[in-house]
Amino acid sequence: HGGPGSDYIDGGGGLNTAAYDGSYRQYAVTIGSPTTAVGGPEGGTDVLVDIQRIQFVDGYLAYSPTDTAGQVYRLYEATLARAPDQAGLTNWTNQLNAGASLQGVAGGFVGSQEFQNVYGNLSNTDFVTLLYNNVLHRQPDQAGETNCVNMLNSGQDTRAQVVLGFSESREDINDLAPSVQKGLWI
């Protein structure tokens, strides 16, 4: 918390949050390197370095790809092939922040009515192909497809676990980082 006037806030390593006393709409936030927050009850311009969340009295702005909001964003893309709606993003992120497991949330996406309405009852092969298309934007390679399908067929992995293998892959995190780094409102 920077307090009144202009401040330089460096979070260092880890997940860091800058806290403000006003509502989000009272500030002008410029996401970048560095990020700046201008206005609000504190006044001045704060320069934020290594801060992944900006907390306001009415919610927070997340802009780190590794934040729980970034994880939920990737689950939407992986399972539903779309960006999240505000209500869904907030709901799922709040569940993660309250202690729900990422695997449980992924299972919620796969078991959702929307998933069923869009894709129906997919075979394991079709499910893996869907993830390749949604996440990697290509058809599966034979070895990767065979491995994932065998893990599902044997019961060694659940569909939620396979989704996480895709959505939490370095490739997907990097691919969707520019979208997340624009800021996700929770």
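The structure is a predicted model, in which local features need pLDDT of at least 70, side-chain atom pairs count only at pLDDT 80 or more, and totals for chains, interfaces and linings use all residues. Residues are numbered from 1 along each chain as its sequence is written, and side-chain values use heavy atoms, with hydrogens and water left out.

The C-alpha atoms of the chain fill a box of roughly 60 × 30 × 25 Å along the principal axes, and the secondary structure comes to eight helices and eight strands (DSSP runs numbered from the N terminus, with H or I and at least four residues for helices, and E and at least two for strands). Of the 186 residues in the chain, 45% are buried, a term that stands for under 20% relative accessible area, found with a 1.4 Å probe and protein chains only. Among contacts (heavy atoms within 4.5 Å) between residues at least 6 apart in sequence, 62% join residues at least 24 apart.

Strand S6, residues 53–56, pairs with two other strands, where pairing requires that DSSP finds at least two bridges between them. Strand S2, residues 17–19, runs parallel to S6 and is joined to it by three bridges, with Ala 18 standing opposite Ile 54 in S6. Strand S7, residues 59–62, runs antiparallel to S6 and is joined to it by four bridges; here the bridge partner of Ile 54 is Leu 61 in S7. The link between S6 and S7 is a hairpin through two residues.

Terms used
Buried < 20%, exposed > 50% of the residue type's maximum accessible area, 1.4 Å probe, protein only.
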